[in-house]
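Let's walk through this structure together, one set of contacts at a time.

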Amino acid sequence: MHRFETIAVHAGAEVDPETGAIAAPIHLSTTYEHGAEFVPGSGYLYQRYSNPTQDRLEVALAAIEGGARALAFASGLAAGAAYFQHLPRGSHVLMADDTYFAFRKVAENYFDQWQLDFSTVDMTDLPAVHAAVRRNTAVLWIETPSNPLIKVSDVAALAQIAHAAGAQLVVDATFATPVLLKPLALGADVVLHSTTKYMGGHSDVLGGALIFARDDATVAKIFDLRKLLGGVANPFASWLVLRGLRSLAVRVRAQCVSARCVADWLAAQPRVEAVHYPGLASHPNHAVAAAQMSDFGGMLSFQVRGGRAAAIACAAQLKLFINATSLGGVESLIEHRESVEGAGTPTPDNLLRVSIGLEHIDDLIADLAQALASL
Ligand SMILES: *Cc1c(COP(=O)(O)O)cnc(C)c1O
């Protein structure tokens with residue numbers, strides 16, 4: 001069995017048998033010749049059903065997560081929505097209280113209409129999770145590390161709670177990537193990624209994926225949903241994500257080293273009220289993170305002393321960090337989350353979320369130092 005780095009380079013990367021091309025061909029054709037009578041299962045039919053470039057991506061995604069099967073989508077949201085829509089009417093979804101805000105919005109705005117039910121709980125509080133499970137709970141929907149408080153929840157323990165209740169555990173592991181966390185090996189049933197983030201890795205492609213522990217009826221249902229509702233990954237997007245996967249491990253490891261330095265440095269600054277990074281011994285979930293992850297990731301957030309205005313002034317003063325949403329690219333980004341998430345968000349108003357890129361660490365710290373000094 002090859003190691004992660006090797007699998008990430010070679011999965012779905014067989015040399016093109018027609019031309020000998022090393023780089024995967026991008027098949028843009030929407031339709032495929034099928035003879036006078038189409039025989040189901042005999043090959044490709046139409047791009048919305050499946051296509052060769054997306055197939056390569058799915059082979060690679062399943063291999064790097066250790067899953068039985070992967071399905072690629074047009075975005076992380078499309079992947080999540082397809083999962084929700086496959087649930088039987090009357091199902092209850094137990095969500096993390098700091099679930100990615102757009103999934104929370106999907107639940108608030110559409111679950112009623114889809115005849116689904118949801119409630120939220122702090123997934124780092126296992127007794128609370130036990131108490132929140134209902135008779136009709138079909139899924140525990142978790143995110144680790146979470147956005148933007150970078151909370152880490154115990155995947156193995158939550159898988160046990162889910163399975164004891166006859167429910168599935170779905171893990172949004174976008175922040176962790178399979179370089180750092182293998183949810184399926186810890187008992188999760190499905191892993192979700194916004195491939196827009198670390199997997200694409202260059203802030204130039206939108207995509208999502210579900211990777212499944214078993215190739216069973218759930219996969220067949222979600223495959224049909226994708227085919228009929230149309231949330232497929234297009235061939236060029238599939239190709240860009242596939243290319244990103246090849247260098248995922250080295251990018252993420254470098255980003256972890258820099259994030260750790262930035263977190264340590266911020267934690268020593270008098271103008272910083274709190275730093276949220278699971279690599280810090282002071283992080284409430286540090287022990288769980290150390291046990292289940294191989295490193296602590298490239299995402300962190302911090303709270304600036306002086307409230308909302310001071311946080312925004314700090315973000316405005318940065319020259320190298322770009323004020324922008326999203327994460328996981330080569331450039332470092334910073335964002336005042338409360339103003340993005342809007343009314344009703346539980347995010348503290350003096351919090352800035354940081355995605356560490358691949359710049360030199362000294363330049364990143366110098367930029368933060370001049371911004372904090374200006375306050
Ligand atoms: C960005 C993000 C999503 C949504 O993915 P899109 O590709 O933007 O649709 C879901 N979960 C997490 C943790 C994210 O960061």
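Start with tyrosine 110, which is partly exposed at 40% relative accessibility; buried means under 20% relative accessible area, exposed over 50%, and partly exposed in between, with a 1.4 Å probe and protein chains only. This is a predicted model, where local features need pLDDT of at least 70, side-chain atom pairs count only at pLDDT 80 or more, and totals for chains, interfaces and linings use all residues. Residues are numbered from 1 along each chain as its sequence is written, and side-chain values use heavy atoms, leaving out hydrogens and water.

A search of the whole structure turns up 13 aromatic pairs; rings of Phe, Tyr and Trp (its six-membered ring) pair if their centres lie within 6.5 Å, with planes under 30 degrees apart counting as stacked, over 60 as edge-to-face and the rest as tilted. Phenylalanine 103 is buried at 2% relative accessibility, while tyrosine 100 is partly exposed at 22%. The rings of tyrosine 110 and tryptophan 114 have centres 5.8 Å apart and planes at 20°, so this pair is stacked. Tryptophan 114 is partly exposed too, at 25% relative accessibility.

Now turn to the ligand. A nitrogen atom of the ligand is 2.6 Å from an N or O atom in the side chain of aspartate 172. On the backbone side, a polar atom of glycine 76 lies 2.9 Å from a ligand oxygen, and an N or O atom of leucine 77 is 2.9 Å from an oxygen atom of the ligand.

Terms used. A polar contact is a pair of N or O atoms within 3.5 Å; within protein, one must be able to donate a hydrogen and the other to accept it, and residues adjacent in sequence count only if both atoms are side-chain atoms.
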